[in-house]
Amino acid sequence: MLSARAALLPSRLNAATKAVVVAGRRQAALTAVRGARSIQSVAQTDRDTITRLLYSLGTKREVERHLRIFSSSSHPSQPAKFAVIKIGGAVLDDLEELALSLSFLYRVGLYPVVLHGAGPQMNDILEGEGVKPEYIDGIRVTDARTLQIARRVFLEENLKLVGALEKLGTRARPITSGVFTATALDSNKYGLVGKITRVDKRPIEASIRAGALPILCSLAESNDGQILNVNADVAAGELSKELEPMKIVFLNEKGGLFHGVTGEKLDVINLDEEYDQLMKEPWVKYGTKLKLREFKELLDVLPRSSSVAVISASNLQRELFTDSGAGTLIRRGYKLFKYQTLESIGKDRLRQVISERDEGIRTGTDSVAGVLSALENAKPGEWSIYADEPLDAVAIVSHPEGQIPVLTKLLPSRAGVLNGVLDNVWNALKKDHRQLVWTASISSLTAPSPTSQPAQGEEMMDRSWHFDRAEGSFTRSGRSLFWYGISDVNEVEKVVKNLEQTGRVGRSYLPVGPTRAQLGGSRAYATLARRLGAPNGSRGYATRAPVPSTESKRVALIGARGYTGQALTSLLNTHPYLSLTHVSSRILEGHPLEGYTKFPITHTNLSIEDVEQMEKQGEVDAWVMALPNGICKPFVDAIERGSKERQGEDSVVVDLSADYRFEDGWTYGLPELYGRADIRASKRISNPGCYATSTQLLIAPLLPYLAPPAWPTVFGVSGYSWRWDHHPARGSRRSSGDVAQSDAREPRRWHRPYSLTDHIHEREAGWHLSKLLPAPADAPSVSPAKPRVQLAFIPTVAPFFSGILSTLSFPLSTSTLSAGDIASLYASYYSGERLHGWVVGGVQVHSGLERVVVVGGLDNLLKGAATQCVQNLNLALGYDEYAGIPMEGDT
């Protein structure tokens, strides 16, 4: 209950806040001059940008899961199901922060219903006119004069908020009447104070359908037209009862509810379990007791999927889009039960749950009678069922004495996932079972179409849900075996052998049967920390890596004006341990570094002598060379000279150019294919090229099926960001052999092939992929110009900003593989890898079965450059490999 959720650091929202402002101004300007189609395109671009910035608050998986849940909560026939946000009058004083927070939601396509009070503003005016505010039972006594002031203040504050939102390009509609109908609460006692009798949601829904946030105030009207004042909290409650939203958010200055003795923020309150005890606590009194009672009365009449959040405006995004949250979450919650007999849970109830939710039942591979019979015939105490009272999440665990527990069924409903019941059940399992094994055969979750039915519980649990909770896994042909609590290699083997012998887990989930060679190089066991240094990337069994460092270190960036430099700056801005201390750019010398908020930095123009002296004096722990090809050698040489006189450990150098990708003494930094041990031990790392990264990731799983002298071909299409990697006014880089370039606006109008042969990434990919092939005893010596793996690569620049789409045509040495086999091969090969910024899909085998075509997508500014650089920095400096990288989840 007490807060274990980290408070949001203000600096982490600075970049996102700036993006909202810029996006809003851009859209406001476009609205005046462009058509609806262009506006829609820009709105989608802004949504993608803001969504991406949300990843700095938590993992991408968290953000996208919450976005998916919130987006699916509303429907064109009921568009106001997302959230009701009640804004306290004191929060209105910080109008800019409030407007930015609401605009954030608007930018990602969410339309909260906003209702505000204006108590402090009214009190200021009343006291200025010599009228002392009067309260009875916490209710403002409202006479005709007070009501007149209230109407004026509500209108002014409403229009201020609408104006602030419109200034940011967020459409908003003021709704100051027509929603609430009321009768006098007690005219003799309270005056013109209303008790709401009806809520008309039509103006609200019309506003949302028109693409505008509805902004309401808490004034009501009687049937005969009399305006009545209503407490804003009460109005928000009545509004929520009518709309039944997923979230009811109360914004206040404190940012949550707090323990009356310790002063700690209350993290989560599960009313079903904690309410009675809380109300008996001596520190729960006055306003806190009233609030808890009101929240309970409200949630008692709403669906269990609804919850209340008390939060500050500045932390609204973190509360809504991360699992850790930032304020106080109040929900009805569920009491969990542990059953060990069918009679105690109810055989008929369990039968219905199994028949409705079990994938094996739906596919015909299992039967309800078979599941129940296995439970009935087991010895007493050999199994347990964990569930909440309404059975929104059910887990069946088999645990015969002396054997490892196996989770045989995990059956959540949609409500169980949305309400967090599934997570509560999982926590109960972990508490009871030090070790656990379970299986899953769930494909990656895709976004639902607007017309599709809401996802059910099992469908909302993508593969990443299981990987997040597992410490190890084995995947083959789309089926995964997961476990936690087993870290020793020999113990894993022992458990797998026992599971095979006893038949407690199906053979299709176990690493038995076909050999690795038969599977075309698919990888074996995977854990969160892979075996390091494996030359072919095979994981095998593994145990946990050493505890990562948390020591703060300093980074110097040379070459910061390009898009890659900007992306790297943004990543280091949110990195928990790395800080930029020097940023060098000849063009931008003297200008402040934008997008970096840890502390002010001004661009310098470091000379070779400066770099040598800085290295000698140990001013930085790592250097990043973000320079064009052929330029960074003098800087690297200066670092080498300086390191000879440096006291202590030498600095790490990561070069983003192609200068050192073929050099001895430099480590090639693509850990997913060539292992992590060499990178951890290296001080000189060459970052892979963007096209080369995508090409190698596509080809590596298929190498066992290579059919020389027929070689693979990769056709790559990239955005123009790399080609015009500087400010348009300053020109761009040019490759030798290219036709003449025009200005930077030109690529937006055409597709242009270039470097049709001998592209440097062609040689780079072939040279390094050759390391994954065993060298024949009589193999001649090879060079980067003639690697053992050869390929043809044809690049094209296209009229979009960033991203790479690579299409691989791979000749096969066998005719036994289907597209499904190859898709499973990729899933198995990269099982457990967190390939941020790269995806694979679109697998098709030729009708003659002699070649396969596979499509891969890469974010060339991230996995193709910036996040790959941070990944290599983390490994070389001893950090967690993914520290500071907004993750997209396990592949």
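Student: What does a side-chain oxygen of N231 reach at the start of helix 9?

Tutor: The side-chain oxygen of N231 comes to within 2.9 Å of the backbone nitrogen of D233. A polar contact needs N or O atoms within 3.5 Å, so this pair meets that distance limit. Keep in mind that the model is a predicted one.

Student: How do you know that the span of helix 9 agrees with its number of residues?

Tutor: Helix 9 covers residues 232-243, twelve residues in total.

Student: Which residues of helix 9 are called buried, and why?

Tutor: They are A232, D233, A235, A236, G237, L239, S240 and L243. The word applies because each has under 20% relative accessible area.

Student: What comes just after helix 9?

Tutor: There E244 takes a positive phi, about 50°.

Student: What makes strand 11 mostly covered?

Tutor: Strand 11 is formed by residues 247-251, and five of its five residues are buried. On one side sit K247, V249 and L251, with I248 and F250 on the other, and both faces are covered.

Student: How do you know that strand 1 and strand 11 are paired?

Tutor: Pairing takes at least two bridges, and strand 1 (residues 83-87) is joined to strand 11 by five, so the two count as a pair. These strands run parallel, with V84 standing opposite I248.

Student: Why are strand 24 and strand 27 called edge strands?

Tutor: Their sheet is open and has six strands in the order 24-23-25-26-28-27, with parallel pairing. Strand 24 (578-584) and strand 27 (667-668) each pair on one side only. Six bridges join strand 23 (residues 553-558) to strand 24, and one of the partner pairs is K553 with L578.

Student: What makes helix 23 a helix that packs on the sheet?

Tutor: Helix 23 (residues 633-643) touches strand 23, strand 25 (622-625), strand 26 (652-655) and strand 28 (684-686). Its direction makes about 165° with that of strand 25.

Student: Which strands are at the edges of the open sheet with mixed pairing?

Tutor: That sheet has six strands in the order 30-31-29-32-34-33. Its edges are strand 30 (752-753) and strand 33 (838-845). Strand 33 is joined to strand 34 (residues 851-858) by six bridges, and the two run antiparallel. Q844 has V853 as its bridge partner in strand 34.

Student: Which strands does helix 28 touch?

Tutor: Helix 28 (residues 819-829) touches strand 32, strand 33 and strand 34. The direction of helix 28 makes about 160° with that of strand 33.

Student: How many helices and strands are in the chain?

Tutor: The chain holds 29 helices and 34 strands. Of its 891 residues, 54% count as buried.

Conventions:
Residues numbered from 1 in each chain as written. Predicted model: local features only at pLDDT ≥ 70, side-chain atom pairs only at ≥ 80, totals over all residues. Heavy atoms only, no water. Buried < 20%, exposed > 50% of the residue type's maximum accessible area, 1.4 Å probe, protein only. Helix = DSSP H or I, 4+ residues; strand = E, 2+ residues; numbered from the N terminus. Contact = heavy atoms within 4.5 Å. Axes fitted to C-alpha atoms, helices over the stretch in contact; angles between N-to-C directions. Expected span 1.5 Å × (residues − 1). Polar contact = N/O pair within 3.5 Å; in protein donor to acceptor, adjacent residues only side chain to side chain.
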